[in-house]
Amino acid sequence: MTPVLQQIYKDKVVPELKKSLGVENPHLVPTVQKIVISSGIRSDADKSWVQEVVKEVAKISGQQPVVTNARKSIANFKLRAGQPNGVKVTLRGANMWDFLYKFISVVLPSIRDFRGVPTRLDGAGNYNYGIADHTIFPEVTVDPGRKNIGMDITIVTSAKDDDSGRELLKLLGMPFRKPATKTPAAAAKK
């Protein structure tokens, strides 16, 4: 069964992007290639906290994450080589489309005082978004004594530039922040 957002991409986004980008070949239209979810772990964290982060990221992503270890020791950060310093998971295919659909239509609108996500991309058509509290995901149960887990979500696209990447994400439903309009009073001060 084709994921909902993938079907929307095929039916609506591809024809729209072909028109706006002036491309005839549908294989040249930008697409989402993968989504990477990563979360850092403090250097003083014990093994039970590492396993808790792995469990929570697995719930959120629907896929088993890997624990990343430090490659070299850094005394200023109290980090030793081989010590766990993060958790990451890469989503592709149906899992990627399902996660992106859930992220756009359920998770982002559930953020308190949400006014849209920033429109800034990384220069290569990819989008990064940081989350300070993982309890905005519906799979996570909220316990009063539980610590929050922060994470970064990177949406990697095949777009060649920021404009086509932004257009792709906008057509997929990403709720970008509206540009601030200047009031007549603010314009008169200049």
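If you want one spot to look at, find Ile-35, which stands opposite Leu-91 in S3. And just so everyone knows, this is a predicted model.

As a bit of background, strands of a sheet pair through backbone hydrogen bonds, either parallel or antiparallel.

Let's go to the other partner of S1. S1 and S5 also pair in the antiparallel sense, over six bridges. Val-36 has Thr-154 in S5 as its bridge partner. On to S4: it pairs with S5 in the antiparallel sense over five bridges. And there we meet Thr-154 again, because in S5 it is the bridge partner of Asn-128. As for S5 itself, the strand is mostly covered, with five of its seven residues buried.

What lies across the sheet?

Reading along the sequence, you get the pattern α-β-α-β-β-α-β-β-α-α. The C-alpha atoms fill a box of roughly 55 × 50 × 35 Å, taken along the principal axes. Of the 190 residues, 36% count as buried. And if you take contacts between residues at least 6 apart in sequence, 64% of them join residues at least 24 apart.

Next up, helix H3, residues 93-107. The buried residues in H3 are Met-96, Trp-97, Phe-99, Leu-100, Lys-102, Phe-103, Ile-104 and Val-107. When you look at that list, keep in mind that an α-helix has 3.6 residues a turn, so residues three or four places apart point the same way.

How many aromatic pairs does the structure hold? Five. One of them is Tyr-9 with Trp-97, and that pair is tilted: 5.5 Å centre to centre, with 35 degrees between the planes. It links distant parts of the chain, with Tyr-9 in helix H1 (residues 4-21) and Trp-97 in helix H3, 88 residues apart. Both Tyr-9 and Trp-97 are buried.

Then there's Phe-99 with Phe-137, which is a stacked pair: 6.1 Å centre to centre, 25 degrees between the planes. This one also links distant parts of the chain, since Phe-99 is in helix H3 and Phe-137 is in the loop between S4 and S5, 38 residues apart. Phe-99 counts as buried at 3% relative accessibility, and Phe-137 counts as buried at 1%. Ring pairs also join Phe-99, Phe-103, Tyr-129 and Phe-137 into a cluster.

One more residue I'd like you to find is Thr-157, in strand S5. Is Thr-157 buried or exposed? At 4% relative accessibility, Thr-157 counts as buried. A polar atom of its side chain lies 2.5 Å from the backbone oxygen of Gly-125. The backbone nitrogen of Ala-159 lies 3.3 Å from a polar atom of the Thr-157 side chain. Leaving out residues up to four places away in sequence, Thr-157 touches Thr-31, Val-32, Gln-33, Gly-125, Asn-126 and Leu-168.

Leu-168 gives us a way into helix H4, residues 162-172, where Asp-162, Ser-164, Gly-165, Leu-168, Leu-169 and Leu-172 are buried. What covers them? The cover includes H1, S1, H3, S4 and S5. After H4 comes Gly-173, whose phi is positive, near 110 degrees. And that's where I'll stop.

Note on methods:
Residues numbered from 1 in each chain as written. Predicted model: local features only at pLDDT ≥ 70, side-chain atom pairs only at ≥ 80, totals over all residues. Heavy atoms only, no water. Buried < 20%, exposed > 50% of the residue type's maximum accessible area, 1.4 Å probe, protein only. Helix = DSSP H or I, 4+ residues; strand = E, 2+ residues; numbered from the N terminus. Pairing = 2+ DSSP bridges. Phe/Tyr/Trp six-rings, centres within 6.5 Å; stacked < 30°, edge-to-face > 60°. Polar contact = N/O pair within 3.5 Å; in protein donor to acceptor, adjacent residues only side chain to side chain. Contact = heavy atoms within 4.5 Å.
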